[in-house]
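Q: Could you walk me through how to read the features of a structure like this one, beginning with the whole and moving on to the parts?

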Amino acid sequence: MSNDEFSVGDLVRVHGLVSKPQFNHMIGVVKGYHENTKRYEIQPSRGSKTLAVKAVNLSDDEFLKPTEDRFKTERAYDNVFFWPSPNTTARIPIQCFSDCPSAESPKAQDTYIQNKLGWQSVDTLSGIEEEGRDKPTFLLLFDGLDESSPKNHTAMKIAKLLPEYKVQSCSRYKGTIRGVAILVYSPTTSTFSSMGMGLDHMNGQQVIEANRNRLFTPQLLYDIIQFHKTDRAERQYKNHDNPMHRVFGGFHNMTM
């Protein structure tokens, strides 16, 4: 790629197309630049076909960039949208949206996502962890009806770490996730039952892993995604592969 206006992996919004107006306002990922046509190859957020678009019809002003200070300092987000990487060496394209409803309002959140990305369905895999946390704190959202977009290998890597009983709870997950995927902050909350363990005084007590109002910087959310590609993640998920642990976490957090 010789043109330096946009780089491979950049998120862009398409605008001002006359011949294909249906793609205006669409978010896509830069896959390359063709010097002979002076056009960028853009992978839409949904679908398999790429578009050839002039720079004048692309903008990236609205998107957070890793080189900006606020990417590391702006603690204002509880979600991270991540696109399939355009190649094996490019940084994973991500974007956080402060106006996206939280997991506390699932219907509003689903509507927001469907309107922004054109999803047909919002499907959920629960049980996503942060490094060093006793209990899951995130949900993984994806469009289980998307059969044409590029595979999101990062999302699939995250899903493969989940125990079988978590995977089976999502009927549309068949081992493949395509297109954009989303991590949404949603810490586990459970109601304790002593179940004959001699802890009757704790019956009905809420066991919560983390502050429900916690917010993150884009960098922290990106690091959570990257954690799931490491051996550390495999060890942590394996150690937590127990329904009681994933519901209640470490008993050291409870008051006996």
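**From the whole to the parts**

A: Of the 256 residues of the protein, 49% count as buried, and the model you are looking at is a predicted one. Its secondary structure comprises 7 helices and 12 strands. The accessible surface comes to about 12900 Å², with carbon and sulfur atoms accounting for 46% of that area.

Q: What share of the contacts with a separation of 6 or more joins residues 24 or more positions apart?

A: Such pairs make up 62% of the contacts in the protein with a separation of 6 or more.

Q: How should I read a sheet, and what is the strand order in the open sheet of 5 strands?

A: The general idea is that strands of a sheet pair through backbone hydrogen bonds, in either a parallel or an antiparallel arrangement. Here, the open sheet runs in the order β4-β3-β2-β1-β5, and its pairing is antiparallel. Because β4 (51-53) and β5 (58-59) stand at the edges and each has a single partner strand, one side of each is left without a neighbour in the sheet.

Q: Are the faces of β1 covered or uncovered?

A: Reading a strand's faces means taking its residues by side. In β1, L11 and R13 lie on one side and V12 and V14 on the other, and all of these are buried, so that both faces count as covered.

Q: Where does H15 lie, and which residues does it touch?

A: H15 lies in the loop between β1 and β2. Leaving aside residues up to four places away in sequence, H15 touches N24, V56, N57, L58 and S59. One of these, S59, is 44 residues away along the chain, yet the C-alpha atoms of H15 and S59 are separated by 7.8 Å.

Q: Why is H15 classed as partly exposed?

A: The class follows from the relative accessible area, for which partly exposed covers the range between the buried cut-off of under 20% and the exposed cut-off of over 50%. H15 has a value of 30% and is therefore partly exposed.

Q: Which strands pair with β6, and through which residues?

A: Strand β6 pairs with β10, residues 181-185, in the antiparallel sense over 4 bridges, and in that pairing the bridge partner of N79 is V184. Strand β6 is also joined by 2 bridges to β7, residues 94-95, again antiparallel, with Q95 in β7 as the bridge partner of F81. Both faces of β6, residues 79-82, are covered, since N79 and F81 on one side and V80 and F82 on the other are all buried.

Notes
Residues are numbered from 1 along each chain as its sequence is written. This is a predicted model: local features need pLDDT of at least 70, side-chain atom pairs count only at pLDDT 80 or more; totals for chains, interfaces and linings use all residues. Side-chain values use heavy atoms; hydrogens and water are left out. Two strands pair if DSSP finds at least two bridges between them. Buried means under 20% relative accessible area, exposed over 50%, partly exposed in between (1.4 Å probe, protein chains only). Contact means heavy atoms within 4.5 Å. Accessible areas come from the Shrake-Rupley method with a 1.4 Å probe; for residues, only the protein chains shown count as cover.
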